[in-house]
Amino acid sequence: MEAIKKAADISTAFFIRCKRRKMEQKRLRLYKIDMKYIRDLAQKDDNVHSVSPQVGKDNRPFVGIIIICDNKKYCIPLSSPKPKHQKMKNDIDFMRINVDGKLLGVLNFNNMIPVDERFLIPVELRITRKDSSENTHYKKMAVKQLNWCQQNQDLIVTKANKLYHIVTETPDKMRMVTKRCCNFKKLEAVLEKRLEKELEQQAPAQNSLASNKSKSQSKAPFSVSKLKSETQRIHNQSRNSTGKNKSHKKDDHSL
């Protein structure tokens, strides 16, 4: 119980520090999200995009990181273009990725999710000889999509911030938009609970490590002192033995 309480205290302090420290917007990259974490989110909100291989979406990348106004990180799912997207226009929760008049993909802001660095897996975009023709095509397309996102990073961040505040602060103002968006606050609670759980699991191991280190440090001075004492005792015995031998030799000579 004490270890859990300590972990909870650590977790509380962690989130307070995160809230106070202003996060820096980094250059956008493509990420995959830990599947177990996505499943945790999907259990609480049906609007979370699935990445389950059972539905053939295990290769869906997420683009981000996007920092929201309350100082939390979000990833926006990037989808390949589908027939329905051809007729869809940019909206408050949707953005087309057009390059040279061609639709390369879309950003679904309504499905963006809160994330932590430990759940992010960078997408490898470097083409290698081992890549199949399908993987090579995917990487080339992903590079074009990412370049577009990086060129429009400020626009993406502004759009995400605006949507976040509408959904979390004035949800009734745009009910249809709110309905098709993830429940950001609920998902943030899932993330916080997941991080607390990991801290609780780490606490016993950290306490054990600290205890072993403390024992090692307490034993070290005693061991060194004992070694010095033993060395001195052996040295004194050697000197006494040498002195006695010399004394015996003198006595023998006088005889």
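The model is predicted; local features need pLDDT of at least 70, side-chain atom pairs count only at pLDDT 80 or more, and totals for chains, interfaces and linings use all residues. Residues are numbered from 1 along each chain as its sequence is written, and side-chain values use heavy atoms, with hydrogens and water left out.

Four aromatic pairs are present. Rings of Phe, Tyr and Trp (its six-membered ring) pair if their centres lie within 6.5 Å; planes under 30 degrees apart count as stacked, over 60 as edge-to-face and the rest as tilted. One of the pairs is Y37 with F119, stacked at 4.4 Å centre to centre with 10° between the planes. This pair links distant parts of the chain, 82 residues apart. Y37 sits in helix α2 (residues 35-44), F119 in the loop between β6 (113-114) and β7 (120-122). Helices (H or I, at least four residues) and strands (E, at least two) are DSSP runs, numbered from the N terminus. Y37 is buried at 0% relative accessible area. F119 is also buried, at 3%. Buried means under 20% relative accessible area, exposed over 50%, partly exposed in between (1.4 Å probe, protein chains only).

Y164 and F184 are stacked too, at 5.7 Å centre to centre and 20° between the planes. Y164 belongs to helix α4 (residues 153-169) and F184 to helix α6 (residues 184-254), so the pair ties together parts 20 residues apart in sequence. Y164 is buried at 1% relative accessibility. F184 is buried at 1%. Ring pairs join Y74, Y164 and F184 in a cluster.
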